[in-house]
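Hi,

Here is the structure I promised to send over. Have a look at it first, and then read my notes below.

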Amino acid sequence: MAESVDLWINGTPIRVCAGTSVAAAVLLSGEPVFRRSVSGEKRGPLCGMGICFECRLNIDGVEHCRSCQIVCREGMQVRTE
Amino acid sequence: MSRGSRTADILVAGAGPAGMSAAARGRECGRSVLVLDDNPSAGGQIWRGGESHSSGSQSTFWFRTFGTCGADVISGARIIDGDAKRRRVIAETREDAFTVEYGKLILATGAREMFLPFPGWTTPNVMGIGGLQALVKSGLPISGKRIVVAGTGPLMLAAAAYFRKHGAVVPVIAEQADWTRLARFTLQLRRQPGKLCQAAALRFALRHSRYLVSCWAEAANGEGRLESVRLRQGAKAWDLACDYLAVGFGFKPNIELGLLMNCRINDAGIESDDVQQTSQEDIFAAGECTGIGGVDLAILEGEIAGYAAAGRADLAKGCFRKRNRARQFSASLRRAFALRRELRSLPSATSIICRCEDVVWQRLEQMQSWRAAKLHTRCGMGPCQGRVCGPILEFLLGLQPEAIRPPVFPARLESLAAASEMEESIDK
Amino acid sequence: MGTFDVAVVGAGIVGTACARELSAAGLRTALIEPGVIGGGATAAGMGHIAVMDDSEAQFALTRYSQLLWKELADRLPADGEYLPCGALWIAADETEMLEVYRKQRYYSQREVPVEILDSQSLAEAEPNLRLGMAGALLAREDAVVYPPAVARFLASEAQHLGAELILGRRVATIGDDAATLDDGIRIRSRSFVVANGAGAPSLVTGLNIQPRKGHLVITDRYPGFVQHQMIELGYLRSAHAMDSDSVAFNIQPRPSGQLLIGSSRQYGSDHPAVDNAVVSRMLQRAFEYMPGLRKLSAIRAWTGFRAATKDKLPVIGLCPGRENVYLATGHEGLGITTSLGTAKLLADLLLNRTPAIEAAPYMPDRSYALHG
């Protein structure tokens, strides 16, 4: 298994350890805001275990992905919502 | 897209400690076992991130036993619908949807953290205690970060120690329970020397952190990112700067799948008998989904359920005594860390209760039923399906959640349609 | 409580609209509801304000109502989510296109603004539709609302006009001068309006109304994925099938960006559970029209029971054999649309005023609605 994985977060490349979740990678990139709530509030991860849906992101073009439950893959395109 | 139908003598929902031990014991009795788990890898929340992130010989033993037992494991899979009469569920992964026909089903769906709303709790970097821990286990570095831990329960200590071990500074651990209850709980620990040692070791590891009782987080401050937390202890309130606020008010069993399969639910969680069988003949339940009891109890219940589901209730009996003792411990936990009434007045009029739909407290205060709250405010109508706000409204207003309907978890439309598509292809 | 002039049974969209209309006419009105306001079939439906042309009578009531909705729109609260998105009746092939032409003539003659979209303009209007559809009829004045919030608004308007809400109690029987509630309390009233949808036969013997089960699925938020309410023209075949289960493509954009996907019709099922086999069929039909739906995330599915009559028209007016019991039920899938027209018509009949549309087609004494 590769030691590190390269992916893109909002168009910026980032390298993380293999096995890192997308949520952790986004926080690691210095971005605590994952999405805007329905009334426009800034939101980031809460439960970290796939329950609360606060860490939803667009991953490889698929909207509303729970980033805490998805492991970073090479070349992944991640966009905050 | 590959679609298929699978079969298993025993289907296990969840690969935390209970699911792992259940699967291993089922395999030991020669049954075919399939494990479906929503997480990226086995271990559940407590052993998230695999063996390397978990300490202790217990996790080592079970990762080995589970890893070599020969059970099929599908990670990143959620059960979205099921039919107890036909002994069938529908599951999806990121790529795929499939049905599973099972002989016996073991529910080991674990628990989720319970949250309570307070001003600012939706600010980014305010997270669950387990949530932040899960993120660290998933690769988030916290070295040098200031983390305030607030809420209730002994897991706060374990989490704080974990944060410290990873280089974070934990200035305060704020426990809402009072001294009297904690002292009574500590006294009971005498009967479990192992637990008492654990507690002492944790306290030593956290000697640089202040452990405050009858204390809770009253507000989180910061615009778009947490800057500080306001703590309250009696008449005293003060602000404390921090990078993360980890909050958690205990745990709620994940009973949704049990409800969907028409299993009876009791005060603690999914009801189960001596051999962990639920009110449905072919369905067993083990671990936190039957009631919050900690990892030791979860493993024992899993073992019993695994044996019993394999038709070897005789082997299960060997675990009864240890399980019953572990249950006593969990009962004393519940008493000690019961939530105090003052926490009901934490939310302000404009505090958000439903984070999916941004429903604020003043719109919900007068609601008489969960259905009225849903229909007239959209509370609980978002993708978390009320998993976060449901327990909150139960605590704040005593509202009981509605009956559950599929999909029991948000699912792709194609997955919802998958079962009959597959039947049609069989017909053809 | 004294004696009411009229007691309305059921606070769904029809009952609340009736209570508001009757209170506005100065009657001392009671509105009785065992559950949540707008929590029955009202909450289960799509909330499509549609003009329909199955029959002259259906057209008259839907169009009359649609114009009443337009009038009301400005006063609806924000959570009523009135969205004048228009509706597209989709023709999959040239045969169905003939129906588009027929409808266009029908509506134009009656001054309903409609427009024909050819294959290409349809594809431009709704890029997520499968390519190669023959065309569509755009009903410009169709709209959508969020019915439970509207029902609550109508109930609160009725309250402001003096109506009394009696919540949490079920009407067990209706006598000559009083209704008896399930806790034994009697509500004295000069007249009664039975507006509890598919529950009406339990209060009025001989009323032939069948519950017709429907399923709906709602997605997460995908703003812009769909612009109009869309219904396949094959829907008419589905809605017309009287005894067999049927599904049809029917999709609606919610102001939230969510998509509401229907529809199914089943007789003979009185269990509210979501039936995966029906949901699957319904969704597969939707995929045939919009393949892109497959990958979208569904967050909830639910069921409801439409109050269906044999001739697909509601029953509005005096109950045969009773001097003081009026019916306002049997709206099948058009209860949200026709609630406002129903309320006007009912108030006119109850107060001996001349209704704006002919009342005869909806009279409960027509033979198929009642038997025995």
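Before anything else, a word you'll need: two residues are in contact when they have heavy atoms within 4.5 Å. This is a predicted model, so local features need pLDDT of at least 70 and side-chain atom pairs count only at pLDDT 80 or more, while totals for chains, interfaces and linings use all residues. Residues are numbered from 1 along each chain as its sequence is written, chains are lettered from A and ligands numbered from 1 in the order in which they are written, and side-chain values use heavy atoms, with hydrogens and water left out.

**Inside chain B**

Chain B splits into domain 1 (4–111 + 252–334), domain 2 (115–249) and domain 3 (343–422); these bounds come from an automatic or database domain assignment. Where domains 1 and 2 of chain B meet, 11 residues of domain 1 are in contact with 12 residues of domain 2. Together these two domains bury about 990 Å², with 54% of it on carbon and sulfur atoms. (Buried area is the accessible area, with a 1.4 Å probe, that two parts lose on being put together, summed over both.) On the domain 1 side, B:Arg48, B:His53 and B:Phe329 supply 49% of the area buried against domain 2, more than any other three residues.

What about salt bridges, meaning a side-chain nitrogen of Lys or Arg within 4 Å of a carboxyl oxygen of Asp or Glu? The rule finds zero of them across this domain 1–domain 2 interface of chain B.

Is B:Leu300 buried or exposed? B:Leu300 is buried, with a relative accessible area of 9% (buried means under 20%, exposed over 50%, partly exposed in between, using a 1.4 Å probe and protein chains only). Leaving aside residues up to four places away in sequence, B:Leu300 touches B:Cys319, B:Lys322, B:Arg323 and B:Ala326.

**Between the chains**

Chain B brings 40 residues to its contact with chain A, and chain A brings 39. The area buried between them is about 3000 Å², of which carbon and sulfur atoms give 59%. How many salt bridges are there between chain B and chain A? The count is four. In one salt bridge, A:Arg73 pairs with B:Glu95, and the closest N and O atoms are 3.7 Å apart.

Cheers
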